[in-house]
Structures are given as C-alpha cells and as structure tokens.
Amino acid sequence: MAEHNKHTDHAEAHFREKHLMLDPLPRGQMNEMVMESMHTTSWKFWVVFAGLSVVVAYGLFYSWGVMIAEGLGVAGVNRPSYWGIFLVNTVFWIGISHAGTFISAILRVFKAEFRRPFTRAAELMTTFGLIQAGFSILMHMGRVWLSYWLMPYPNQRMLWPNLHSPLTWDLLAITTYLLSSTMYLFLPLIPDVAMARDRSSGWRKTFYKILALGFRGTEGEWTHLRNAMNIFAFAIIPVMFSVHTIVSWDFAAATRPGWNSTIFGPYFVVGALHSGMGAVVMVLVVVRGTMKNMKYFIRPEHFEAIGRLMLIISMTWAYFFFNDYMVQWYGGDKWTKQLLHFHEAGPMGWMWFVMLIFNVAIPWAVLWNARWRATPWIVFSVGLLINVGMWFERYIIIPVSLSINRMPFTWRLYQPGIEIPLGIGTLAFFILLYMTASKLIPLIPVWEVQEGQMAHELKKFGRETVVTVSELE
Amino acid sequence: MVTLADLKISEVKLSEEHVGKWGMVIDQDICTGCQACVAACAMENNIPFVGEEDSGYGRSMHWIRIERFWEGEYPEVKMTPNQPMLCQQCGSAPCEPVCPAFATVHSQAEKLNLQVYNRCIGTRYCANNCPYQVRSFNWRDYERPEPLPNQLNPDVTVRRRGIMEKCTFCIQRILNAQDKAKAEGREIMDGEFTTACAQACPANAITFGRMDDPESLVSQLAKRSHGVKHLEELGTLPNVTYFKGG
Amino acid sequence: MSKNFSRRDFLKLAGVGAATTAVLTGCGPASRYVKREPYMQMPEYNYNGQSTYYATTCRECAAGCGLVVRTSQGRAIKTEGNPNNPLNLGKTCARGQATLHGLYNPDRVTDSLKRDSRGSESMQVMDWESAIQVVADALKNNKPEEIAFLMGMAPDHLFDLASDFAKATGINAPVRFGALSMFESRATLSKAAKNLFGEASLPFFDVGGAQVVFSFGANFLETWLSPVSYMRGFAGLRDGQTKKRGSLVQFESRMSATGGKADEWIPLRPGSEALVALAIGRLVSELRDGPMPRAFSSVDPLEAASKSGIKLETLEHLAGMFANSSGALAIPGGAALGQSNGLAVAESVLALNAMSDNFGKPGGVYFSALAPNQTEYQGPASAKEMRELVQKMYDGKIKVLFVHGVNPLFELPTSLEFGGASKYVSQIISFATFPDETAREADFVFPDHHGLESWGYQRVATGSAKPVLSGAQPVVSPYYNTRATADVLITAAQLAGGKFAQALPFKDEVEFLQSKVTSLMSEADGSISAPDILTFMAYFQQHGGYWKLSDARGIPNAADVLNRSFSAQEAEFAGEGEFFFVPFVSPTLAEAGANKPWLQELPDPTTTVMWNTWVEMNPVTAHELGIENDDVVKIVSEAGELEAAVYVYPAIRPDTIAIPFGQGHTAFGRYAEKRGVNPVDLLGQHFNEAGDLAFAGMKVKVEKTGKKKPLSRLESLMGVYGIGLGEE
C-alpha cells in the first residue's frame with residue numbers, strides 16, 4: 001500500500017483516505033482481505049456464538065414449546081389487548097428488513113455510489129429480519145400447528161383463505177417479500193461466491209461450488225446477471241413499499257379508535273425505514289469494529305452518508321407522526337380522543353415521550369453535524385435509540401392502543417409474560433444468523449466495490465485534483 | 001355517476017338485507033345484575049372457568065357479562081342500569097371479514113354470526129375488531145377435574161386452547177327446535193324455546209325470538225321507541241335491542 | 001399375512017374371535033350385574049342423543065324453587081326452572097344454575113367415613129352397615145334428651161322426619177339454622193308480625209303490585225327470603241307498559257345490588273331506620289292533613305333528619321312520594337333488622353304500611369301462604385336459640401349431635417363458640433355431602449346424596465301466592481357411595497328397635513314421603529289429584545310437587561297498628577372502632593356456594609369481584625386513610641380480626657365498611673378452601689329483641705397492613721373509575 005501511495009500529493013492522499021472508491025487496491029489483495037475476514041475467527045466470536053445459542057435455545061425454542069403446550073395464557077395477552085409483543089415484534093422485524101432493500105435497491109437504482117460496500121450487509125438484514133418476523137407472527141397464533149391453513153392450497157372442501165382479511169394480504173405480501181428479497185440477496189452474491197470458491201478448499205469449496213451455480217465470469221454471464229439484478233432492483237421496490245403498507249392495513253382496516261387511520265400506510269413505511277436505517281448503521285459499526293480488514297471497506301464517509309439519510313427519514317417520520325395525530329385528533333371521535341389522551345397521559349405515557357425523544361429529538365440534535373454522524377459510536381448510539389423508539393412506537397400502536405376501546409368496562413393494561421424471552425430469542429437468533437453468515441459468505445460485495453473503483457478516477461487539472469466517474473455499462 | 005340518493009338507497013337495502021332472523025331485547029330497567037344468565041350460559045355452553053388470576057387479568061370466558069358504571073359521587077351516587085353485554089349477532093359484523101381462515105362466518109340460514117371452532121387458528125383479529133368486546137379466547141386448556149366433565153352439554157363442542165369463542169344465541173337450541181318443528185311439519189312457534197340466558201333470567205329482562213316475524217314478542221318489543229342498539233353508528237346492524245331505563 | 005390366506009382360514013379365525021368375545025362378555029364379572037333386555041326397550045334415560053327431563057326442587061337455598069333438570073345418558077346436564085311451579089315460574093337464580101357443579105364437584109364426600117380424631121385428615125372408609133350401626137348405637141346408648149339434631153333450612157321432609165322421630169322418642173326437637181336466615185333476620189320479621197298483627201308469620205310483600213316501594217335494608221333482589229320470586233315482583237314494579245312504572249327507594253348504609261336498582265338510594269346512618277320510618281309516617285300523615293296517629297305522634301322529623309343524616313327536604317320529598325302514591329309499600333329487612341333495635345325497625349317499617357292501607361291488598365303486605373301440608377309457620381332458630389344449643393353442648397347435656405344441611409362452624413359467628421362447645425359433645429355425626437368445616441370436626445361423616453340425587457320435598461315458605469309443596473326426586477342415580485340420610489335414620493331406628501323402630505315405621509324414605517303427602521290426595525283445589533297414593537306420588541314427582549290453584553295468602557289484621565306507639569330508639573353498636581360494619585351475604589355465593597367453581601367465577605353484581613373477599617370503603621375515607629384499591633387492611637372488632645383487600649366503593653357511607661359473607665372457608669373443597677375471609681369472625685354475641693343476631697351492630701377499626709392483594713374484578717378500573725387513565 002505504501003508503494004502505491006508514494007507518488008501522490010497531499011490532496012490526493014486526502015481523497016484516498018476519505019473515499020473507498022478512490023482508494024483502489026489490487027483485485028487479488030482485496031479478494032484476499034475479504035476471504036481473510038471470513039476465515040479469521042477469534043475465541044470471542046465463539047463465546048458470543050455459544051451465548052447466543054443458549055439464548056436462542058431457551059428464549060426461542062424452549063419458551064415457544066412451553067407456550068404451544070400450555071396455550072397463550074403464559075403470554076401477557078388478554079381482553080382487550082388481544083395482540084401484544086408478538087405483533088410488535090412482527091412489525092418491528094419487518095421494519096428492520098426494510099432498510100436492506102431500501103439501501104440496496106433504491107440506492108442501486110439511483111446509482112448512489114456510497115452504497116457499494118454495504119449492500120450485502122443490508123440485504124442480509126432483510127432476509128434475516130423477515131425470518132424473525134415470521135417467527136413472531138407464528139408465535140402469536142393460538143393454534144400454530146394449523147398455520148398452514150393460511151396457505152391457499154388445494155383441498156377437497158374448497159376451503160381457501162379469506163381474501164377479505166388483511167392478515168391474508170399480509171401473509172401473501174410477506175411471503176412475496178421474503179422470496180424476492182432472498183433472490184435479490186442471492187443474485188449479487190454469485191460473483192463473490194464464485195470468487196470464494198476459487199480461493200478455498202475442503203467443505204467450503206463444495207459449499208461455494210453449489211452456491212456459485214458454476215459462475216465463471218464470462219461476459220455473457222455478467223450480462224445476464226446485470227440484467228437480472230436490474231429487473232429485481234426495480235421490481236422489489238414496490239414490493240417493499242407494499243409490504244409495510246399492507247402490514248399497516250392490519251390496523252388501519254380495523255374498526256378501532258386509533259387504528260382506523262388512512263395515513264397508516266406511508267407512516268408505517270417511513271417508520272420501517274427509520275428503524276431499518278438505524279439497524280443498518282448498527283450492523284455496519286459492529287462489522288467494522290469486529291471483523292478483520294473491514295476498516296478499509298467501511299469508512300466514516302459511509303456513516304456520514306447513512307447519517308444524512310437517517311436525518312431525512314427522521315424528519316419524514318416526524319411529519320407523518322404529526323399528520324396521523326392531527327387527522328385523528330381533528331376527527332373528533334370521542335374514543336379516539338380518549339385514546340390520544342391515554343397515549344400521552346396514561347400509565348404508558350412515558351413511552352410516548354421516550355418514543356418522540358428517541359425518534360425525533362435525538363436524531364435531529366445529533367445528525368445535523370457531519371463530524372458527529374461520521375463517528376461510528378455516535379451513529380451507533382443514535383441507531384440504537386431510534387430502534388428502541390420505533391419499537392416503542394409499535395408498542396404504543398398495538399397493546400397500548402388496544403387497552404382502550406368503545407367498551408370502557410373492558411379496558412385493561414397489558415403486561416408481557418413469555419413474550420419477553422421469546423422476543424429476546426428472536427433478537428438473538430437474528431444476530432446468530434448474521435454471525436453465521438459473516439463466516440460463510442463475503443459480507444462485502446467485492447466485485448461491486450471493484451467495479452466502483454474502476455469507474456472512479458482521480459484526475460489532475462492543473463493544480464486541482466478532481467474526481468471523475470465514468471459511466472458504467 | 002353515483003348520487004347521494006343512490007347511496008342512501010343502497011344503505012337502506014343493506015340494512016333490509018341484514019334484518020336478522022333471531023333477535024333479542026334486553027330490558028336494562030329490570031335487569032338486577034343477579035348473574036343468573038351468566039351462570040346459565042356457562043352451564044349450557046360448556047364455558048370453562050379460568051380461576052382467580054386469569055379472571056382478574058381480563059381472561060374470564062363469560063359469553064355474557066353484566067356491565068355497570070357509576071354516576072355522580074356519594075351521596076348522590078347512582079349505579080347505571082345493568083347492561084348485559086353479549087354478542088350482538090351483527091348483521092354486518094366487523095369480526096367476520098378479518099378472519100383469514102373463515103373461522104368466523106355469517107350463517108346464511110340462521111343469519112347468525114358463527115364461530116367455527118375447528119377452523120379457528122387463533123389470530124384473535126376478530127376479537128380486536130369486535131367493537132363490543134364480547135369474544136373470549138381460550139388462553140389455556142382450562143382444567144375441569146373429574147367428575148365435573150359429566151355436566152358437559154353433549155350438544156355443544158368443548159373448546160381447546162388457542163381458539164376464539166363467543167355467544168351463539170344457543171344455536172344448539174335453535175337447531176333442536178327447528179328439527180322438531182320440521183319433523184312435525186310446522187314453523188317454529190314464538191316462545192317455543194329460548195336461549196339459556198333468557199330462560200334463566202328471574203326478572204324476565206331478556207326476550208329472545210324471531211326478528212323476521214313481525215308478530216313475535218321480540219320484534220314487537222324491539223319496535224318500542226325507547227329501544228336502542230349499541231354502537232349502531234358503526235354500521236354493525238346489531239340484533240340485540242336494549243331498553244336503557246324507565 | 002401370506003397371500004394364500006383362504007376364505008376358509010378367514011372363517012376359522014373369525015369363529016375363534018367370536019367365541020373369545022362371547023366368553024369374555026358372557027362369563028366375565030360384568031355379567032352378574034347386567035340384566036339383558038331387548039334393544040327395543042331401553043330405559044328412558046338411555047336413548048342415544050335424547051335428553052330426559054326430570055322435575056325436582058332446588059336445594060341451593062331453602063326457597064324451594066322448582067327445577068327441571070335435563071339429563072342425557074344418565075348425566076345431569078343443565079338445570080332449568082320448572083315453569084309450572086308457582087314460586088319461580090320457570091326461572092332460576094345463578095346458584096340454581098350452578099347446582100350441577102355441586103353434584104359433580106370433585107371434592108364430594110364419596111363414602112361414609114370415620115375420622116381418627118376431630119379435625120384430622122386421616123380417616124377410615126366404613127361400609128354402610130357399620131355406619132348405620134353407629135347411628136343405631138348412638139340412639140340406643142344415650143338418653144333421648146342427650147341426642148340432638150342440628151339441621152339446615154332444607155330439605156323439609158328430612159326435618160319433618162326428624163321432628164316426628166324426636167316427638168315420638170323424646171329426643172330434643174331438631175334445631176334448624178342457616179346463615180341466610182340469620183342475615184335475613186327471619187325471626188325478627190315474624191316476631192314483628194306477631195307483635196303488630198297477632199300472628200307469627202312470615203310477611204309477604206307484593207312488590208310487583210306496588211307503585212312506590214320503600215325498602216329499609218331488604219336486599220330482596222339478592223338473597224332475601226325468595227330472591228327469584230322477588231325479582232319477578234321487581235320486574236312487575238318496573239313494568240311501565242300496562243301501568244305506571246313504579247319506583248324503588250332503598251334505605252341502607254351500603255349500596256346493595258338491590259340499592260343499585262333503586263331510583264333513590266338513601267344512605268342513612270345505621271341504626272336510625274326506625275326513626276326515619278316513623279318520621280316519614282309523621283310527614284305523610286301531615287301531608288294528608290288527617291289526625292296524627294299515635295304511632296307517629298312522638299317523633300320529630302327534624303331530629304330524625306339530623307340523627308339519620310338525611311336532609312329534611314329529602315325526608316319531606318320521600319314522604320310526598322309515599323303519600324301521593326296509590327300503592328306505596330314499605331319493606332323491612334336485611335341489615336336494618338340485624339341491629340340491637342331490629343325489632344323496633346321491623347315494627348315501625350311495617351307500621352308505615354298502615355299509612356298506605358295496603359294490608360292484604362295488591363301491592364301491599366300479606367302473610368305468606370302456608371305450604372299445603374303445613375298448619376303453622378315454622379321459623380328457623382334465631383342466633384339466640386343457637387346460643388342456647390351451644391350452651392347445652394358446653395354443659396355436656398348433649399352427647400350425640402347429628403348435623404345435616406348446615407355448617408355451623410362456618411355459618412355461625414365465631415364468637416358463639418360452636419367449635420369450643422363441640423368438644424364437650426362425645427359424638428358428632430355429620431351427614432354432609434361436602435367435606436365442610438363441621439364435617440371435618442365430626443367423628444363420623446355419613447354423606448347424604450346431593451340434592452339432585454335425592455327424594456324429598458320443600459315447603460315454600462314465602463314468595464308464592466299459592467301454597468306450594470315443591471317435590472324432589474333423584475334426576476340421576478347417586479354418583480358416589482352415599483346414602484339418603486332419611487334412609488340411614490329409618491334403618492338405624494329399626495336396628496335400635498323399641499320406640500325408635502315404632503317412631504319410624506317405614507320401609508324407606510319414599511314410603512315416609514308417601515305418608516306425608518297422602519293427605520293431599522283428596523284435597524280440593526290441588527294442582528294434581530289421584531285415586532291412589534302410587535299414582536299420586538308419580539304425578540307429584542312428574543310435576544315437581546303439589547300446589548293449590550288459588551291464592552291463599554293471609555291478610556294481616558292491622559286494625560290497631562296506628563294506635564300503638566313505637567320505639568324510635570336508635571341502635572346501639574358494640575365495639576370501639578370508628579366504622580360501622582355491614583356484613584352482607586354475597587348474592588352469588590351465599591352460605592354454601594363457594595365450592596362451585598362457576599359461582600366463584602361469577603362477578604359480584606355490585607363490585608364485579610370474583611374468587612375472593614373484599615372490604616368496601618368509601619373513596620373519601622380511603623383517601624383520608626391513604627388506602628387504595630387492593631390494599632390489604634386489617635379489620636378489628638371486639639370479637640376478632642381479619643385481613644382483606646380494599647375495594648374503594650363509591651356507594652357506601654364514609655363511616656361504614658362492608659364485607660361479603662360467603663368466602664373464607666377452611667375446608668369445603670379445593671375451590672373454597674383458603675380463599676378470602678369470613679366476616680362472621682368479627683361478629684360479637686349481640687342480639688336484637690327477637691333473638692336474631694345484631695350482625696350489623698358492630699363497630700370496627702381499620703388498620704393498614706402495607707400488603708397488597710390484587711382483587712380479580714371483571715370491570716376495568718380505568719374504564720369505570722378512570723383510575724390510571726391519566727385524568728386524576
């Protein structure tokens with residue numbers, strides 16, 4: 001690296017340090033760095049891995065088994081809060097899964113160059129988050145062993161799912177999203193897996209060989225791959241928007257005060273992006289801090305860019321929150337008014353204020369500063385708080401709003417029970433999947449980075465060093 | 001172009017289509033809140049008891065509950081008229097469209113709101129969407145130690161954990177009476193049978209019968225001017241009419 | 001199985017199979033008990049899918065409501081009211097509905113038992129022959145005056161059997177008692193009737209025919225006397241279609257479920273009921289401008305207002321209501337009579353009816369019709385008479401005590417020390433169906449059948465205009481190895497021989513029943529008649545009893561009422577505390593409902609609390625004491641103390657606290673045991689002039705404990721009281 005930098009002047013050095021795209025490394029070296037990051041596993045990794053496995057075994061599988069055997073009585077759901085943390089977690093994980101596609105597909109479509117090193121990390125979040133969402137919604141069902149009845153499968157009684165029910169839409173939307181996002185994750189992975197195949201031996205070689213589908217990097221293969229990726233990038237965006245809109249319809253289509261709100265669709269989408277971006281930033285900080293060679297790929301410029309996005313999303317979210325509140329308040333329905341008052345002043349009022357502070361006040365106060373938002377631990381903290389705030393938002397929308405209805409005789413608060421280990425279990429399972437993936441597939445899309453670096457060039461015009469980007473394709 | 005008048009006509013049509021077959025009138029002025037209906041309902045319909053902890057946490061399984069509120073403060077305090085709250089057997093029920101598995105459906109023959117126990121997968125969406133909050137969920141397999149199961153009504157399914165249930169207007173009695181009437185080649189007579197709650201009520205505050213028969217006692221009562229239907233403004237077309245007070 | 005399995009092989013195998021089956025069923029032990037009958041003649045209770053209905057009588061309380069029990073395949077499925085029974089006309093209360101949870105209760109006494117020592121859980125199962133021998137020996141080996149029967153308010157046929165037996169053999173006449181009658185103050189009512197009208201009978205108040213009802217503490221919509229019939233009366237009062245809707249005014253310090261239905265609820269100071277009734281009488285008479293009757297002449301309405309805490313304007317307004325109504329009715333009952341001046345309260349409230357001149361008129365006061373085979377009103381023992389029994393036990397005058405249908409260790413105030421006295425009784429034999437507190441302290445438990453497995457009858461003491469004798473028959477065969485107490489007594493008497501055998505010359509209980517109803521066969525105006533006793537009995541069981549077809553209520557002779565003078569003395573309260581204490585009977589549990597799980601799960605009509613005991617306290621008082629809902633407080637009276645969670649109750653006087661009676665069992669099965677507290681622990685030995693317990697005549701102290709016990713309530717604290725909504 002030193003030799004490479006020998007003849008550069010000061011400005012150029014500055015550009016290279018700052019921007020990954022302008023700091024090219026030889027392809028072989030970069031490939032080796034990524035391979036090394038997968039192969040290097042410290043004992044700490046295994047300690048955390050073992051710890052999380054225990055949490056997953058107890059929190060997710062054992063507790064779920066108990067709940068299946070005993071019934072939902074071990075959870076905290078009651079009349080009138082028939083839905084509790086399970087649904088909160090479902091919405092939360094679907095929200096998390098949004099940022100992956102948003103970063104990957106939207107930024108790809110708009111050719112935002114800073115996306116290149118972390119599209120994979122984000123896409124993994126989508127798939128793994130959706131798995132947790134699926135777990136959460138299955139847990140929520142009273143008779144989970146009959147959940148296949150939601151599938152439109154041919155049967156002799158001609159019983160089909162009820163297409164009037166938002167839950168059926170939900171199922172279709174989430175399944176579509178899971179399948180398409182998994183495919184969308186897989187397509188850009190192929191060249192990298194092929195790269196890994198060529199650089200590994202033993203079981204890994206077999207593993208990558210299967211995944212790489214015989215990719216050799218010929219011009220024809222690249223053309224097909226690019227086309228497929230482009231189609232998917234465009235196609236998955238409406239799916240992404242539809243999923244969370246449909247999730248919001250679970251609530252908006254119901255005849256309940258506080259839920260029956262027309263703005264819920266976009267409000268939920270923005271909320272999903274809000275928490276999703278926070279989660280991406282957290283993942284990137286952790287990946288950068290714990291995995292080898294990652295400081296080269298993930299740089300403050302990326303945090304700076306994501307931080308800016310987070311700020312914009314936070315403002316959008318605040319607008320939709322205000323809009324939702326306004327419309328509901330202005331509607332003047334007596335029960336809705338009661339509910340809005342209950343949100344702020346009821347026993348869970350603290351949660352409402354914490355939500356606003358975490359989702360709006362703190363991001364606005366911190367992220368406007370370019371240096372702060374480029375500092376990993378600061379954006380990590382903001383991302384964490386946004387996720388807590390967004391989880392609270394869903395908690396307020398589901399169990400807290402359910403406590404108030406049109407029959408005051410039945411109003412009752414919700415106190416979570418076995419939902420807590422189960423929720424922690426899904427979180428641990430998410431991290432566990434991520435950790436496993438980080439050791440099995442290249443977290444950095446090497447070819448994308450290389451492609452970007454090929455397109456970027458530093459040119460000198462007189463005394464000025466200028467960045468030029470050549471049009472790809 | 002659809003005009004306002006068209007909309008009004010369709011609204012009328014809608015409510016005419018949804019005139020229930022069976023209906024109930026509850027006189028809150030004479031309801032003493034004695035809970036006989038609650039006990040009778042539990043005995044007739046094999047409703048499990050849930051114990052102190054669960055019942056205190058909003059998990060009691062009563063299909064009918066008696067609500068009362070307070071007005072004023074001591075010494076000018078009054079108890080509001082007891083309000084037995086049960087499934088209103090809505091003509092246009094909010095619980096029905098939201099079930100993904102068609103477990104809560106409208107019976108075309110009886111125009112009742114049915115819960116198909118063996119089709120229910122327990123999403124509890126129907127209960128969230130019920131504005132009357134009259135659906136109860138089997139949070140656990142509630143224990144009935146031997147020999148208590150001897151008392152179970154063979155005409156009513158015993159429900160297991162994880163499914164939703166609610167008042168059926170004692171559909172087993174409706175069907176029994178219909179079978180009998182059919183076998184005798186006649187229509188069901190008004191007052192030939194009644195629901196368990198109406199049968200037990202010592203004050204006779206509950207009247208049950210054919211809504212679509214203008215001569216029946218219940219439809220005569222329902223026409224009285226002081227009858228109200230709960231949350232009618234939601235368009236649920238409930239089939240239970242309440243007389244609020246004297 | 002090989003491919004070559006031929007048809008012949010199959011037949012051979014099938015033959016062996018059939019033979020084996022035949023051997024097993026034909027010669028097995030079961031065959032001895034199976035009587036083979038053609039399939040066409042199944043017993044009526046055994047048709048597949050068909051229910052059989054039997055008429056019988058509810059035994060959950062002593063009112064005697066007729067039931068029709070639906071049975072299927074020999075199991076009792078559902079109780080419904082007997083529509084023909086004039087008392088309840090097809091209706092039941094919650095307790096009647098839940099009686100099946102008694103029949104199939106998992107904690108019944110299944111066999112006759114000998115306890116190793118009193119109070120211990122270790123016991124031996126006895127066969128019925130030796131059990132009956134024990135009873136026979138007890139009869140034979142003791143002097144008749146050392147033998148006593150303590151019986152419940154139901155069933156009447158067993159009481160008749162014991163009475164006849166006692167009369168013929170010189171045994172102590174059976175004593176009847178029940179917590180319900182204690183809280184109803186029945187003795188006070190009949191004593192007041194005797195004092196006023198010269199006849200010790202149970203008054204009947206025709207609520208249904210009245211226009212204005214003033215109820216002084218009578219909780220007639222809950223447990224008082226005959227709640228099902230009074231609820232029907234209440235519906236009649238409220239009927240606004242065929243007549244003007246009548247109104248109800250309730251005078252009580254704690255709003256009962258009855259008070260909750262009242263148009264006006266008057267929270268007077270406990271003990272001032274007589275004064276208020278007389279003051280209203282005076283004001284009514286002033287409004288009418290007639291001569292002032294002697295009865296009300298000495299009372300000063302202003303003094304009454306100040307002593308009772310009711311504004312004078314309110315009294316005048318109430319008097320106006322009473323005076324201007326064409327059918328005013330005043331009812332004394334409940335806690336108002338359970339005070340030191342209870343008799344005076346009963347008399348002055350009954351006297352108030354004279355201002356409405358409603359005696360023997362629709363909407364007025366009658367004497368309850370006597371049951372068909374009854375010649376005079378027989379009241380249960382008052383608490384004072386129970387104390388006399390306890391005293392006799394203490395003095396060792398009673399060697400053998402038979403207990404049936406009552407649970408004195410739970411129902412009697414602890415201060416009466418039935419438990420202590422029972423130690424001086426050498427043999428206690430309980431006939432309890434359930435393992436209640438008294439059965440635990442008994443030497444022997446010879447369980448009676450459950451009411452639905454029993455023969456018998458119950459006289460309708462009040463509530464029906466027509467004389468009714470409700471008949472009981474077994475609707476299912478006994479589930480356990482229990483035996484009818486009447487049969488046990490009859491057989492034991494035969495075994496004991498001599499005068500005992502002569503006193504009960506019957507083959508069994510049914511023959512005794514026949515002897516008791518034979519006289520009705522030929523009576524005119526009866527609901528059924530038959531030429532011979534067997535047919536008559538068959539009708540009697542089929543119809544669920546026998547009743548007269550015409551009104552037989554008595555008309556009180558009230559000629560002299562207004563010329564008497566009444567004591568307006570206020571009640572005296574025992575104890576030091578600052579709170580009046582009102583124990584009231586839980587409308588859903590009453591004295592013996594706590595072991596039925598569905599009764600436990602019924603919300604209380606006023607508080608909606610399930611499964612536990614609560615202490616009602618006015619919100620202002622609670623605020624002053626720094627007490628919130630679910631805070632456990634200690635209630636101390638001169639007789640005892642207990643701890644229970646507070647229910648902040650908006651409709652109770654600030655100087656009063658109330659506790660429901662029904663929980664606090666130390667035995668009685670899994671659903672009742674160790675649940676809540678029993679307010680009789682707080683009651684001292686104070687009686688009114690009629691001998692009824694002055695249960696509402698205590699003052700108590702309230703102490704905070706710092707503990708919390710969340711009450712299980714159906715209602716929402718947020719929705720009903722606004723607690724936790726962020727609005728306080």
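Chain A of this predicted model has a mean pLDDT of 89, and 97% of its residues reach 70 or more; pLDDT is the predictor's confidence in each residue, on a scale from 0 to 100. Helices (H or I, at least four residues) and strands (E, at least two) are DSSP runs, numbered from the N terminus. Over residues 1–7 of chain A, pLDDT stays under 50, and the model has one contact beyond four places in sequence for this stretch. Where pLDDT is low, the predicted coordinates should not be read in detail.

Residues are numbered from 1 along each chain as its sequence is written, and chains are lettered from A and ligands numbered from 1 in the order in which they are written. Because the model is predicted, local features need pLDDT of at least 70 and side-chain atom pairs count only at pLDDT 80 or more, whereas totals for chains, interfaces and linings use all residues.

On to chain C, whose domain assignment (bounds come from an automatic or database assignment) lists domain 1 (7–36), domain 2 (109–176 + 380–448 + 483–505), domain 3 (182–367) and domain 4 (579–721). The centres of domain 2 and domain 3 of chain C, taken over C-alpha atoms, are separated by 40 Å.

Chain C has an open, parallel sheet of four strands in the order S11-S10-S9-S12; strands pair if DSSP finds at least two bridges between them. Strand S11 (264–266) and strand S12 (328–332) of chain C sit at the edges with a single partner strand each, so one side of each has no neighbour in the sheet. From one strand to the next, the twist averages 15°; axes are lines fitted to C-alpha atoms, for helices over the stretch in contact, and angles run from 0 to 180 degrees between N-to-C directions.

Within this sheet, S9(C) and S10(C) run parallel and are joined by five bridges, with Phe214(C) opposite Val249(C) in S10(C). Strand S10 (residues 247–251) of chain C also pairs with S11(C) in the parallel sense, over three bridges, and Phe251(C) has Ile266(C) in S11(C) as its bridge partner. Four of the five residues of S10(C) are buried, so this strand is largely enclosed by the rest of the structure. (Buried means 20 or more other C-beta atoms within 10 Å of the residue's own, with C-beta atoms placed from the backbone.) Helix H14 (residues 342–352) of chain C lies across strand S9 (212–216) and S12 of chain C, running at about 170° to S12(C).

Chain C also holds a closed barrel of six strands, S20-S25-S22-S24-S23-S26, with mixed pairing. Its neighbouring strands are turned by 45° against each other on average, direction ignored. Strand S22 (residues 614–617) and strand S25 (residues 656–661) of chain C run antiparallel and are joined by two bridges; Met617(C) has Ile657(C) in S25(C) as its bridge partner.

As for the interfaces, 43 residues of chain B are in contact with 51 residues of chain C, contact meaning C-beta atoms, placed from the backbone, within 7 Å. H2(B) supplies the largest share of chain B's side, seven residues. By class, that side has 24 nonpolar, twelve polar and seven charged residues. (Ala, Val, Leu, Ile, Met, Phe, Trp, Tyr, Cys and Pro count as nonpolar, Asp, Glu, Lys and Arg as charged, and the others, Gly among them, as polar.) Elsewhere, eight residues of chain C are in contact with eleven residues of chain A.

How values were computed:
Two residues are in contact if their C-beta atoms, placed from the backbone, lie within 7 Å. A residue is buried if 20 or more other C-beta atoms lie within 10 Å of its own, exposed if 12 or fewer, and partly exposed in between; C-beta atoms are placed from the backbone.
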